[in-house]
Amino acid sequence: MHFAVPSQFRSHAILPSRLRAAACCGAMMALMPLALHAADNLGTIDPTMIATLQLRAEQAPPREQMQLFADLADKISLLATKQIADGDEEHAQATLKQLEACTSQMEITLKLDSKGLKKTEMLLHTTNRRLKDLVREASGDMKPVVQSALKRLDQAQTTLLSAIFAK
């Protein structure tokens with residue numbers, strides 16, 4: 001079935017090519033600061049920030065700990081990615097061990113009345129994808145360490161999903 005476009009709207013139905021190009025450029029220029037901001041955030045993650053986040057997660061009320069540990073795991077994975085990209089495999093291994101400890105702590109603090117379980121699961125999903133990408137990019141010596149951290153994160157994510165669907 002084909003509908004006719006009234007003549008008064010025909011000139012507006014298709015944008016001229018110059019206007020389409022300008023709209024695309026405008027959209028790209030508008031999104032550029034977001035990409036630069038994301039790149040800046042990666043540079044600000046350091047071991048001191050991780051230690052601060054860990055202390056905050058440990059001292060938080062029990063309902064908030066799960067979400068804070070998930071955020072900590074995400075930041076730790078970003079730091080490990082940065083360290084591997086910089087060729088600092090020794091520190092990256094220690095960081096990935098810290099990620100495993102964080103995910104086990106996450107499972108311990110999981111409670112059915114924890115705040116933001118769905119948001120926490122989405123964050124763990126993002127962290128999981130980042131680690132899967134890191135497994136592909138990692139050198140031969142780093143692969144087992146990254147796979148171990150990924151396996152531990154998978155276990156925590158499965159536990160979280162079980163808690164969400166048990167509600």
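L131 is in contact with S77, L96, L99, V146, A149, L150 and L153, leaving aside neighbours within four places in sequence. Contact here means heavy atoms within 4.5 Å. L131 is also one of the residues with the most contacts inside the largest nonpolar core, alongside L96 and V146. That core has 37 residues. A nonpolar core is a set of buried Ala, Val, Leu, Ile, Met, Phe, Trp, Tyr and Cys residues joined through side-chain atoms within 4.5 Å. Buried means under 20% relative accessible area, exposed means over 50%, and partly exposed lies in between, with a 1.4 Å probe and protein chains only.

Which elements give two or more residues to this core? They are α3 (47–59), α4 (62–85), α5 (89–109), α6 and α7. The largest share, 11 residues, comes from α4.

The model is predicted: local features need pLDDT of at least 70, side-chain atom pairs count only at pLDDT 80 or more, and totals for chains, interfaces and linings use all residues. Residues are numbered from 1 along each chain as its sequence is written, and side-chain values use heavy atoms, with hydrogens and water left out.

Now the whole chain. It holds seven helices and zero strands. From the N terminus on, the order is α-α-α-α-α-α-α. Helices (H or I, at least four residues) and strands (E, at least two) are DSSP runs, numbered from the N terminus. Of the 167 residues, 33% are buried. Among contacts with a separation of 6 or more, 73% join residues 24 or more positions apart.

Next, the helix pairs. Two packed helices are described by the angle between their axes and the distance between the axes. Axes are lines fitted to C-alpha atoms, for helices over the stretch in contact, and angles run from 0 to 180 degrees between N-to-C directions.

Take α3 and α4. They pack at an angle of about 165°, with their axes 9 Å apart. That makes α3 roughly antiparallel to α4. Angles under 35 degrees count as roughly parallel, over 145 as roughly antiparallel, 65 to 115 as roughly perpendicular and the rest as oblique. α3 passes α4 in a left-handed crossing. A crossing is left-handed if the near helix is turned anticlockwise from the far one by less than a right angle, and right-handed if clockwise. On the α3 side, the residues that meet α4 include P47, I50 and L53. The α4 side includes L68, F69 and L72. By class, the residues of this contact divide into 10 nonpolar, two polar and four charged. Ala, Val, Leu, Ile, Met, Phe, Trp, Tyr, Cys and Pro count as nonpolar, Asp, Glu, Lys and Arg as charged, and the others, Gly among them, as polar.

Move on to α4 and α5. Their axes come within 9 Å and cross at roughly 165°. The two helices are therefore roughly antiparallel to each other. α4 passes α5 in a left-handed crossing. Residues of α4 in this contact include M66, F69, A73 and I76, and those of α5 include L96, L99 and M106. The contact has 15 nonpolar, seven polar and no charged residues.

The next pair is α6 (residues 117–137) and α7 (residues 143–166). Their axes come within 10 Å and cross at roughly 160°. α6 and α7 are therefore roughly antiparallel to each other. α6 passes α7 in a left-handed crossing. Their contact residues divide into 12 nonpolar, six polar and six charged.

T127 sits in α6. Is T127 buried or exposed? T127 counts as buried, because its relative accessibility is 0%. T127 touches A73, D74, S77 and L153, not counting residues up to four places away in sequence.

Q147 lies in α7. At 42% relative accessibility, Q147 counts as partly exposed. The C-alpha atoms of Q147 and R136 are separated by 9.9 Å, and the two residues are 11 residues apart along the chain.

S104 is in α5. With 25% relative accessibility, S104 counts as partly exposed. S104 and A156 are 52 residues apart along the chain, yet their C-alpha atoms are separated by 7.0 Å.

G116 belongs to the loop between α5 and α6. G116 is partly exposed, with a relative accessible area of 33%. G116 and R63 are 53 residues apart in sequence and 9.1 Å apart in space, C-alpha to C-alpha.
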